[in-house]
Amino acid sequence: MTVNPAGAVATVSPAPPNDPPPRRRTGSPDVHTAPRGLALRLATDPAAVGRARRTAAGALRGWGVPDTSADDIVLMVDELVTNAIEHAGGPVWLRLWLRRGCCVICQVGDGCHDAPRLRPSDLDAENGRGLFLVAALADAFGTRVTATGKVIWFRRRVRDDRIPAPRTAPATDY
């Protein structure tokens with residue numbers, strides 16, 4: 001397994017179910033994008049959280065997701081990737097795709113089999129509110145334990161009507 005300076009591992013996770021495999025659209029071996037989806041493999045390094053956040057923000061902007069929804073989605077991506085890197089073992093990956101032009105689905109996978117749970121935290125605690133934030137901002141979220149770890153997912157409706165076709169410019173790798 002090779003790790004680049006940005007903290008990304010040069011492999012990709014499987015495609016979302018019922019979707020075509022992602023097409024490689026950038027020069028980076030660890031980011032794979034399709035017109036309405038992306039897959040990113042991350043190292044278990046805190047610096048990789050920023051890369052996940054920037055890559056997700058660029059994809060959402062390219063798909064035409066409204067800024068208010070995109071900001072919330074990027075915040076949820078940040079929380080889930082941070083939790084995976086801080087609390088889980090093994091490689092971490094992110095998948096994000098636009099479904100039917102109106103709903104964004106995110107999956108974050110890691111190598112730990114322990115499902116996270118919502119826990120109350122002290123008012124002055126510096127952490128412990130990430131899943132509460134995801135629960136508040138997402139339309140739905142959950143965890144699925146797999147043979148290799150777990151997947152935490154959320155779904156967020158971004159508009160009531162369909163988002164227009166994605167821009168023709170290739171995705172930007174930040």
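Start by selecting D110 and K150. Their side chains meet in a salt bridge, with 3.0 Å from N to O. This is a predicted model. The pair links distant parts of the chain: D110 belongs to strand β4 (residues 103-110), K150 belongs to strand β6, and 40 residues separate them. Are D110 and K150 buried or exposed? Both are buried.

**Next: R156 and D72**

Stay on strand β6 (residues 149-157) and pick R156. Its side chain forms a salt bridge with that of D72, again given as N to O, at 3.0 Å. D72 sits in helix α2, 84 residues away from R156, so this pair too links distant parts of the chain. Colour by accessibility here. R156 is buried at 12% relative accessible area. D72 is partly exposed at 22%.

**Next: R53 and D78**

Now select R53 and D78. They form a salt bridge too, and the closest N and O atoms are 2.2 Å apart. R53 is in helix α1 and D78 is in helix α2 (residues 67-87), 25 residues apart. R53 is partly exposed, at 33% relative accessible area. D78 is buried, at 16%. How many salt bridges does a search of the whole structure find? It finds three.

**Next: helix α1**

Select residues 47-63. This is helix α1, with 17 residues. Draw a distance from the first C-alpha to the last: the helix reaches 25 Å, close to the 24 Å expected at 1.5 Å a residue. Which residues of α1 are buried? Among them are A48, V49, G50, R51 and A52. Further along, T55, A56, G58, A59, L60 and W63 are buried as well. Then step past the end of the helix. G64 follows α1, and its phi is positive, near 80 degrees.

**Next: the cysteines**

Select C103. The cut-off for a disulfide is 2.5 Å between the sulfur atoms. A search of the whole structure finds zero disulfides. C103 counts as buried, at 8% relative accessibility.

F141 lies in strand β5 (residues 140-146). With a relative accessible area of 30%, F141 is partly exposed.

**Last: the whole chain**

Clear the selection and show the cartoon. There are three helices and six strands. In what order do the elements run from the N terminus on? They run β-β-α-α-β-β-α-β-β.

Finish with the contacts. Take those with a separation of 6 or more: residues 24 or more positions apart account for 62% of them.

Note on methods
Residues are numbered from 1 along each chain as its sequence is written. This is a predicted model: local features need pLDDT of at least 70, side-chain atom pairs count only at pLDDT 80 or more; totals for chains, interfaces and linings use all residues. Side-chain values use heavy atoms; hydrogens and water are left out. Buried means under 20% relative accessible area, exposed over 50%, partly exposed in between (1.4 Å probe, protein chains only). Helices (H or I, at least four residues) and strands (E, at least two) are DSSP runs, numbered from the N terminus. Contact means heavy atoms within 4.5 Å. The expected span of a helix is 1.5 Å times one less than its number of residues. A salt bridge is a side-chain nitrogen of Lys or Arg within 4 Å of a carboxyl oxygen of Asp or Glu.
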